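Hi,

Here is the structure I promised to send over. Have a look at it first, and then read on for what turned up.

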Amino acid sequence: VFLQGNDLLVGHEIKQIQKDKTLEALYLKPLDKLIEKNGGFAYVDKEQSLTLMIDLKTEGIATLNTLVTRLKKYPRLTACKTLMITVSGNMPIPALWKNSPPFIHFDGRPGITYTPDQQKRIRLISASFLSFSKWNGTDKLTQRDREKLVAIIEAAHAINKPFRFWATPDFPESWTKLIELGVDIINTDDVVGLATFLKERK
């Protein structure tokens with residue numbers, strides 16, 4: 001999201017934003033209706049949880065404060081125990097996380113030692129795949145790269161957090177490899193393709 005005036009506009013790049021494509025219109029209002037329909041839960045199956053990742057593209061604290069103000073208009077969302085509202089991108093430093101209400105979670109980063117209280121606010125650990133490997137998804141993954149990738153994933157698992165790479169190769173062969181490595185959450189621009197792939201894997 002980009003903070004433009006008092007609006008939170010959705011787009012991966014600033015040139016993509018449009019005044020009618022607000023966070024409220026695209027996400028908060030539909031989710032509010034869904035959670036109302038499901039009796040206060042993100043899914044009919046009350047054991048399943050949903051993570052709403054919100055990538056702050058503009059200055060962190062101002063954008064986050066506006067997000068919190070907007071979310072407070074939707075008490076069903078902030079009270080839902082199976083909806084994890086998670087902030088990524090231009091996040092405040094971990095020492096400032098305590099200033100955000102408890103319904104805000106954060107996207108952690110590898111290589112940072114978090115306090116126990118900060119760990120409680122982390123929904124997942126994420127990193128750029130390209131920071132650890134240039135593997136293109138089709139060539140053989142080198143043993144050195146495999147060891148680096150597995151080590152970073154296992155470090156997240158050691159503090160009981162799921163792990164995600166962004167900027168990964170994005171097709172079935174790469175998804176298979178990421179699963180084998182132990183990645184918990186797969187980033188994709190091909191949502192339908194990934195859903196089909198996962199259903200076929202069962």
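This is a predicted model: local features need pLDDT of at least 70, side-chain atom pairs count only at pLDDT 80 or more; totals for chains, interfaces and linings use all residues.

The loop between α5 and β7 is where you'll find N160. N160 isn't a glycine, yet its phi is positive, at about 60 degrees. With a relative accessible area of 68%, N160 is over the 50% cut-off and so counts as exposed.

A167 is another case: its phi is near 65 degrees, again a positive value in a residue other than glycine. You'll see A167 in the loop between β7 and α6 (172–181). Its relative accessible area is 39%, so A167 goes down as partly exposed. As background, most residues other than glycine have a negative phi.

On to the aromatics. The count comes to seven aromatic pairs. Take F129 and W135: the ring centres are 6.4 Å apart and the planes sit at 55 degrees, so this pair is tilted. F129 and W135 are both buried. F129 also pairs with F165, this time edge-to-face, with 5.3 Å from centre to centre and 90 degrees between the planes. What does that pair tie together? F129 is in the loop between β6 (122–128) and α5 (143–158), while F165 belongs to strand β7 (residues 163–166), so the link joins parts that are 36 residues apart in sequence. F129 has 0% relative accessibility and therefore counts as buried; F165, at 2%, is buried as well. One aromatic cluster takes in F129, F132, W135, F163 and F165.

Next, helix α1 (residues 23–37). Its 15 residues reach 20 Å from first C-alpha to last, close to the 21 Å expected at 1.5 Å a residue.

Last, the surface. I61, I93 and L96 make a nonpolar patch there of about 250 Å². I61 is in helix α2, and its relative accessible area of 40% makes I61 partly exposed.

Cheers

Conventions. Residues are numbered from 1 along each chain as its sequence is written. Side-chain values use heavy atoms; hydrogens and water are left out. Rings of Phe, Tyr and Trp (its six-membered ring) pair if their centres lie within 6.5 Å; planes under 30 degrees apart count as stacked, over 60 as edge-to-face and the rest as tilted. Buried means under 20% relative accessible area, exposed over 50%, partly exposed in between (1.4 Å probe, protein chains only). Helices (H or I, at least four residues) and strands (E, at least two) are DSSP runs, numbered from the N terminus. The expected span of a helix is 1.5 Å times one less than its number of residues. Patches are made of residues with over 30% relative accessible area and no salt bridge: like charges are joined within 9 Å, nonpolar side chains (Val, Leu, Ile, Met, Phe, Trp, Tyr) within 5 Å. Accessible areas come from the Shrake-Rupley method with a 1.4 Å probe; for residues, only the protein chains shown count as cover. A salt bridge is a side-chain nitrogen of Lys or Arg within 4 Å of a carboxyl oxygen of Asp or Glu.
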